[in-house]
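Trainee: I have a new model on screen and would like to go through its packing. Can we take it step by step?

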Amino acid sequence: MTPLPMTVIGGYLGAGKTTLINRVLSGDHGLRILVLVNDFGAINIDADLLVSAKEDTIELANGCVCCTMGADLFLAVGDVLDRRPRPDHLIIEASGIADPARIANVAQAEPDLDYAGIVTVVDGQQVQALCADPLIAPQVLGQIACGDIIAVSKCDLSPALRQTLSGLNTTAVLTRTQDLNIAQVLIAPQGPIDLPQTPHPAYTKWSFTGPDPVDRTALQAALRARPEGLFRVKGQLRGLDGSGLLVQVAGRDIDIGDIEQPAQSQLVGIGLATKLSAKACDLWWTKSALRKQ
């Protein structure tokens, strides 16, 4: 049987990986694509945000598969390869703190997989600040360095940004996410697969699940006043008016969108362990005035 092509989509927290995958899944390519989702948290929000049907999504065990390369990933890949009919393409969405090179190396260990490249999504508005952070920079630079394609989100690919990214990866194709050809994602320019792997600092994860609805205005204020170090927040919350609220927070960016009301509110957060604790997040969320006064 022909080896199954495998693409890894990586990038730091909040870069826009899930948005890109949804573009691919909804594209007019006629392929059956299966997505492995490896989130970092007690609740795998990303799997719920994909437009793919449930049978075309596999949630890896919560945690950071990039650090251990344990059995979970290989068992999930084995499940994909055993499916009949077999998918036409496998996409692994790496968690925001994952090393895409380490995940891509599974294609080297599995003869029934064919490495189809790494696409690294970069938040153009945040990348300079992230690369200047001594704790985060090695990880972000490693994600950029191993990409076959560097896709810039949330801003134009200015000459200065292009020069910066080209200096960090001299061989990658540089493009904006909205200009990215879906065919490039599915068959990225193939670079060397045996790439240096980058460790990352310790992260703290936090999650909330509950039935109570929240007020949008109070939620916006609470997110602006969140604990220092809580870099990434995402989830689906119940609104007071019977609507649903989709929360996406990355650094300074706070976005609250409209969705169908979920059965319960779910929120996850991620931050550096040296700057954040789950206890501080619990205290913040408990004290936040999320109901309209």
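Trainee: Which exposed residues does the face of H12 turned away from its buried side carry?

Mentor: Keep in mind that this is a predicted model. H12 covers residues 278-287, and Cys 281, Trp 284 and Trp 285 are buried there. The face turned away from that buried side carries exposed residues. They are Lys 279, Thr 286 and Lys 287.

Trainee: Within what arc do the buried residues of H12 fall, seen down the axis?

Mentor: An α-helix has 3.6 residues a turn, so residues three or four places apart point the same way. The buried residues of H12 line one face of the helix, because they fall within an arc of 95 degrees.

Trainee: Which strands and which helix do the buried residues of H12 pack against?

Mentor: Start with the buried set: Cys 281, Trp 284 and Trp 285. The buried residues of H12 pack against strands E8 (203-210), E9 (230-238) and E12 (265-272), and against helix H11 (216-224).

Trainee: Which element supplies the largest share of the largest nonpolar core?

Mentor: That core has 23 residues, with Met 6, Leu 36, Leu 90 and Leu 113 making the most contacts inside it. Several elements supply at least two residues each, including strand E1 (4-10), helix H4 (71-82) and strand E5 (113-123). The largest share is 5 residues, and it comes from H4.

Trainee: Is Cys 131 buried, partly exposed or exposed?

Mentor: Buried needs under 20% relative accessible area, and exposed needs over 50%. Cys 131 has 24% relative accessibility, so it counts as partly exposed.

Methods. Residues numbered from 1 in each chain as written. Predicted model: local features only at pLDDT ≥ 70, side-chain atom pairs only at ≥ 80, totals over all residues. Heavy atoms only, no water. Core = buried A, V, L, I, M, F, W, Y, C linked by side-chain atoms within 4.5 Å. Buried < 20%, exposed > 50% of the residue type's maximum accessible area, 1.4 Å probe, protein only. Helix = DSSP H or I, 4+ residues; strand = E, 2+ residues; numbered from the N terminus. Arc of directions from axis to C-beta. Contact = heavy atoms within 4.5 Å.
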